[in-house]
Amino acid sequence: MEIEKTNTVVETKLKRPGRNKYAIACALLASMTSTLLGYDIAVMSGAQIFIKEDLHITDTQIEILAGIINIYSLLGALAAGRTSDWIGRRFTMVLAAAIFFAGAVLMGLAPNYAVLMLGRFVAGVGVGYALMIAPVYTAEISPASARGCLTSFPEVFINSGILLGYVANFAFAKLPNHINWRLMFLTGAVPPVFLAIGVLTMPESPRWLVMQGRIAEARRVLSKTSDSPDEAELRLNDIKETLGITNDSNDDAVHVPKKRHGEGVWKELLITPTPSVRRILVAAIGLQFFQQASGIDSIVLYSPRIFERAGLKSNSNSLGATVAVGFSKTIFILIATFLVDRVGRRILLLTSSAGMIISLVILGSSLEVISHSPHPGEKVTWAGALSITMVLSFVGSFSIGLGPLAWVYSSEIFPLRLRAQGASLGTGMNRIMSGVITMTFISLYKAISMAGSFYLYASIASLGWVFFYVFLPETRGRSLEDTEVLFSKAKDANGGEKNGEVIVANGSEKKGGIDGNT
């Protein structure tokens with residue numbers, strides 16, 4: 001009888017908790033701000049064709065115009081960490097939407113190249129803010145049992161934005177050239193208005209509330225976004241502990257030392273990091289580097305040119321094919337959200353990277369066959385079809401792993417005291433590499449051929465696969481306050497522990513005890 005009772009208790013503890021609908025709703029609203037980045041990247045892929053004809057600018061100017069927003073967004077990403085610690089995660093998202101709205105209007109009404117570039121600058125700052133803050137807020141609001149799924153939502157909405165941008169290109173393409181590209185940009189000014197209104201209905205991040213000493217408010221938010229009352233209390237105690245607040249303090253409001261509001265964080269991250277923080281920083285920055293250096297934004301932004309090389313000569317056909325790219329990215333990112341908390345981060349990352357490498361090699365090879373056709377100007381149908389298929393395969397492989405997991409991973413591995421600034425550094429690397437890749441693609445393929453460009457990206461992606469295998473431990477099921485222990489020297493490359501002990505608490509797996517110590 002006693003044995004049966006014990007088995008019942010164990011089964012209850014091991015049972016996966018149901019999805020927290022309130023946390024899902026909050027994550028959805030926050031992640032929708034990422035739509036802005038996806039829309040801007042994709043809409044530029046089609047708009048550039050008509051901007052070049054309307055404003056009479058060169059390929060070099062187009063290359064700079066298309067890619068510079070990623071460099072501009074670096075400013076927003078780096079500022080977002082301090083801003084979100086100052087005014088809160090929620091109002092930082094509202095600020096991002098307002099900035100992007102102003103940028104979209106400037107781009108849509110630009111009378112010349114200079115004003116269009118100014119609009120790209122303003123929109124870029126807004127994109128940087130949104131790109132950094134959405135994953136951080138989502139990670140901080142989510143229960144551990146669903147954090148991977150919910151934190152991948154920003155990438156879901158980036159892909160949704162890409163699809164919407166491609167659809168806008170196709171929808172407006174047949175209008176006169178002095179109108180069509182302007183409507184493409186002005187359409188992007190509509191979503192930020194509704195996003196800002198929606199974000200204002202969300203609660204503030206419980207971790208930010210504790211950083212401000214507002215314990216009672218944090219407890220209310222955690223009670224709504226946790227899988228059980230016990231988990232809510234455990235999460236609150238973990239947050240208080242990382243901030244140096246004693247758990248025996250039950251006051252509704254407490255004083256948090258000034259240094260906990262963000263001062264000294266950059267020194268701890270960059271000048272005097274502990275060994276585990278240094279490894280976390282390398283993992284986050286390396287992951288974001290390889291995400292972009294593998295060439296994803298070149299394919300998304302310049303897909304009409306790739307399809308033209310593959311044999312789709314008309315604007316209508318190439319823009320129609322880009323819509324298929326948007327669908328492929330969106331479908332595979334949805335698959336990733338269902339797998340990330342079931343199979344783990346590492347398996348998806350390694351599988352995704354392998355698929356990208358194979359797709360890039362075959363894409364380069366098929367374009368090489370087309371460029372060396374014995375009858376120049378004649379279509380090599382099979383090679384053209386294979387090229388288009390490999391573009392779809394590449395973006396699908398990216399979206400099922402590396403795309404969403406770069407943001408999931410970067411938002412969950414930093415300790416609370418370093419999370420906002422650490423995530424902003426990762427986002428900064430992401431934007432720098434995106435800018436470098438997109439601002440050099442045209443020049444690169446003119447120098448070493450388009451096939452050679454994709455062989456280069458495949459080589460970089462191969463190095464990325466090795467980096468992921470060596471440096472990134474598994475974080476599935478760990479609490480946010482617990483992940484730092486994974487990067488201590490006592491852990492192996494897979495994030496496992498020497499004693500292999502696993503304890504289940506409140507629906508999430510933890511190793512070595514509730515507090516993560518071995």
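Author: Start with Asp297, which is buried because its relative accessible area is 7%. Buried means under 20%, exposed means over 50%, and partly exposed is in between, with a 1.4 Å probe and protein chains only. This is a predicted model, in which local features need pLDDT of at least 70 and side-chain atom pairs need 80 or more, while totals for chains, interfaces and linings use all residues. Residues are numbered from 1 along each chain as its sequence is written, and side-chain values use heavy atoms, with hydrogens and water left out.

Reader: Got it. Which residue does Asp297 form a salt bridge with?

Author: With Arg431, where the closest N and O atoms are 4.0 Å apart. That term means a side-chain nitrogen of Lys or Arg within 4 Å of a carboxyl oxygen of Asp or Glu. The pair ties together distant parts of the chain, since Asp297 is in helix H16 (residues 296-301) and Arg431 is in helix H22, 134 residues away. Helices are DSSP runs of H or I with at least four residues, numbered from the N terminus.

Reader: And Arg431, is that one buried or exposed?

Author: Buried, with a relative accessible area of 2%.

Reader: How many salt bridges turn up in the whole structure?

Author: A search finds nine. Opposite charges on side chains can pair up when the charged atoms come close.

Reader: Which residue does Arg219 pair with?

Author: Arg219 forms a salt bridge with Glu233, with 3.8 Å between the closest N and O atoms. This pair also links distant parts of the chain: Arg219 is in helix H12 (residues 215-225), Glu233 is in helix H13 (residues 229-242), and they are 14 residues apart. Arg219 counts as partly exposed at 27% relative accessibility, and Glu233 counts as partly exposed at 33%.

Reader: What about Arg214, which side chain does it meet?

Author: The side chain of Glu217, in a salt bridge of 2.9 Å from N to O. Arg214 is partly exposed at 33% relative accessibility, and Glu217 is partly exposed too, at 30%.

Reader: Which residues are linked in a network of salt bridges?

Author: Lys52, Asp59, Arg305 and Lys446 are linked that way.

Reader: Okay, new topic: helices packing. At what angle do H5 and H6 pack?

Author: H5 (residues 89-109) and H6 (residues 113-141) pack at about 155°, and their axes are 7 Å apart. So H5 runs roughly antiparallel to H6. Axes are lines fitted to C-alpha atoms over the stretch in contact, with angles from 0 to 180 degrees between N-to-C directions. Under 35 degrees counts as roughly parallel, over 145 as roughly antiparallel, 65 to 115 as roughly perpendicular, and the rest as oblique.

Reader: Left-handed or right-handed, how does H5 pass H6?

Author: In a left-handed crossing, meaning that the near helix is turned anticlockwise from the far one by less than a right angle (clockwise would be right-handed).

Reader: How close do the axes of H15 and H23 come?

Author: Within 9 Å, and the axes of H15 (residues 275-293) and H23 cross at roughly 155°. That makes H15 roughly antiparallel to H23. H15 passes H23 in a left-handed crossing as well.

Reader: Now the loops. What's the phi of His56?

Author: His56 has a positive phi of about 55°, although it is not a glycine. His56 sits in the loop between helix H3 (35-55) and helix H4 (59-87). His56 counts as exposed, because its relative accessibility is 69%.

Reader: And where is Ser449?

Author: Ser449 is in the loop between helix H22 (419-448) and helix H23 (450-471). Ser449 isn't a glycine either, yet its phi is positive, about 85°. At 30% relative accessibility, Ser449 counts as partly exposed.

Reader: Last stop: which helix holds Leu164?

Author: H8 (residues 153-172). Leu164 is partly exposed, with a relative accessible area of 48%.

Reader: How far apart are Leu164 and Gly38?

Author: In sequence, Leu164 and Gly38 are 126 residues apart, and in space they are 8.3 Å apart from C-alpha to C-alpha.

Reader: And Gln48, which helix is that in?

Author: Gln48 is in H3. Gln48 is buried, with a relative accessible area of 4%.

Technical notes. Helix = DSSP H or I, 4+ residues; strand = E, 2+ residues; numbered from the N terminus.
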